[in-house]
Amino acid sequence: MWVRFPPSALNKVDGSNPFEGAFVCPMKKFILDFLEFKKSQLISGDKNYLKFSKENFKLKTVEIKNKKLALELEKECDKLGRFLTYSEFLNIDQFGEYGYHKSHKDHGMTGVSNRWPEAIVKLLAKYQIYNMIEFGPGNGKLALKTVKKANERGIKIKWSGVEIIDSFRREIKENFKKHNLYYNLNFISDTLTEIKIQDKSAAVLSYSLDSIPPDIFLNIRDSTFPTHMLGITVKNGILKEILLDKSLLKRKNITLKKGVYQKNNGVKVNLNNWNLKPYQRLFLSTLALENLIGLVNALPEKSLILIIDEFRVSPPFWEFNHLGVPRDLNTYRRDRFDLDNLYATSGENLLYYPFYYFSFLNILKQLELDVLKNDEEEKMANEISGKKSKRGKPSLTYSILAIKKIKINKNKIDYFLPNEINYKDKL
Ligand SMILES: C[S@@+](CC[C@H](N)C(=O)[O-])C[C@H]1O[C@@H](n2cnc3c(N)ncnc32)[C@H](O)[C@@H]1O
């Protein structure tokens, strides 16, 4: 059996992909993973696994170099019950007053506005949809180009956006005005909460789900599903990781029972299929899942959902390193395994957190979405636009086009440990 892996499945550590576009035999994948495992054994020494895990898996205490950010984090700790969850910490690290986005110009904007306007207008026309809602539109380049193109074809659409960065929200509004497109602007909001979508729509999420900070799940004894989450305290510039047990989690309105994470807004994520080794971490953005679930629940039937994003390879079953560590867009080796350094340089790194590809497809299935197409990003944009379908440059990214056939309101999701070789059985 030959399986088409997503491009990211075969990435080398430097982000390049030696088998881009190739069809790869699972046996070959197995051998590559095995060699990778052997290489890591050479570094850590398998007999020394316990020593290695103690070093690598211990809770961190690190001095933050950016003192203003450290103070901001300390104040947030005081405000939010003396400690932060990891996602609360990263939210400030990225979007806070002294976080990455306030002090840097590079926001990770992509080339989607060159590839997708034509394709999106074709989809709108085909499915007779006149509303587009973008989650994480950034500076709104894709929105403007798509609306202009639709207007040229006589398709009058309304565009709405949900964008967390306020300067982008202002920029989008100004641009719609400047280009006399104010008629096409429906709303622009900072959060999905309480948004009502009346008419069937095309929801576009381009490189935004993987920008939503993860939490860290782990267990501390036997290999089992996660029993704890990691928390962060900051005092006098020193960041410390702490273990959040049931009682501390309760203070954040979270329960973690038999591997099932639940927030007081009702969203449940079942992680009991993840057999983590003691102190092995799973970084998972339950917030991204919450947003996805919220958006899908809010969309009327027959709406389209287009997700363009970077994904990551399924871990081999013997993986003993942390799972789903944050990636840094501006570093050569994107996976940031050096967590001490990552904390020390807080506020200086443009982080993102891709999902495991097959687990993600599985989630779309659980949300009762019909996946119409999934393929490498540029190739799919070309195909839908009717352009000659050449395979794009080596890329780590995929697009998934799905349709909401039935009205559902789902709040519980199983996030399965992905397994590429028999993923088809699970889909
Ligand atoms: C990598 S940029 C991609 C921007 C644009 N869609 C593109 O493809 O060029 C991610 C965008 O998602 C936004 N974002 C991140 N978290 C968000 C959230 N929770 N709600 C809304 N937008 C969010 C960021 O502010 C940023 O504009």
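Author: Happy to; what follows starts with the chain as a whole, moves into the core, and ends with the loops and the ligand.

Please keep in mind that this is a predicted model. The average pLDDT of the protein chain is 87, and 84% of the residues score at least 70. Residues 1–26 have a pLDDT below 50, and this stretch has 45 contacts in the model beyond near neighbours in sequence. Residues 421–427 also have a pLDDT below 50, with 8 contacts of that kind. Where pLDDT is low, the predicted coordinates should not be read in detail.

Now to the overall build. The protein chain contains 15 helices and 20 strands. Of its 427 residues, 40% are buried. If you take the contacts between residues at least 6 apart in sequence, 75% of them join residues at least 24 apart.

The largest nonpolar core has 93 residues. Those with the most contacts inside it are Ile-120, Ala-202, Ala-203, Ile-305, Leu-306 and Tyr-357. Let's zoom in on one of these, Ala-202. Leaving aside neighbours within four places in sequence, Ala-202 touches Ile-120, Leu-123, Leu-124, Ile-129 and Met-132, and also Ser-303, Leu-304 and Leu-306. Two of these partners, Ile-120 and Leu-306, are themselves on the list of residues with the most contacts inside the core.

Which helix gives this core its largest share? That is α11, residues 286–298, with 7 residues. Helix α11 is largely enclosed by the rest of the structure, because 11 of its 13 residues are buried. The buried set runs through Thr-286, Leu-287, Ala-288, Leu-289, Glu-290, Asn-291, Leu-292, Ile-293, Gly-294, Leu-295 and Val-296. The length of α11 also checks out: at 1.5 Å a residue, its 13 residues should span 18 Å, and its end C-alpha atoms are 18 Å apart, which agrees.

Ala-402 counts as buried because 23 other C-beta atoms lie within 10 Å, and the cut-off is 20 or more. Beyond its neighbours within four places in sequence, Ala-402 is in contact with Ile-305, Leu-364, Leu-369, Asp-370, Val-371 and Leu-372. Ala-402 and Lys-373 are 29 residues apart in sequence, yet their C-alpha atoms are 7.0 Å apart.

Two loop residues deserve a glance as well. Most residues other than glycine have a negative phi. Lys-302, in the loop between α11 and β14, has a positive phi near 70°. Lys-302 is partly exposed, with 16 other C-beta atoms within 10 Å. Asn-180, in the loop between α9 and β5, has a positive phi of about 55°. Asn-180 counts as exposed, because it has 9 C-beta neighbours inside 10 Å.

Finally, have a look at the ligand. There are 19 residues around it, and Gly-108, Gly-136, Gly-138, Ser-208 and Ser-211 come nearest. By class, this shell is made up of 10 nonpolar, 8 polar and 1 charged residues.

Methods: Residues numbered from 1 in each chain as written. Predicted model: local features only at pLDDT ≥ 70, side-chain atom pairs only at ≥ 80, totals over all residues. Near = placed C-beta within 6 Å. Nonpolar A, V, L, I, M, F, W, Y, C, P; charged D, E, K, R; others polar. Core = buried A, V, L, I, M, F, W, Y, C linked by C-beta atoms within 7 Å. Buried ≥ 20, exposed ≤ 12 C-beta atoms within 10 Å, placed from the backbone. Helix = DSSP H or I, 4+ residues; strand = E, 2+ residues; numbered from the N terminus. Contact = placed C-beta atoms within 7 Å. Expected span 1.5 Å × (residues − 1). pLDDT = per-residue confidence, 0-100.
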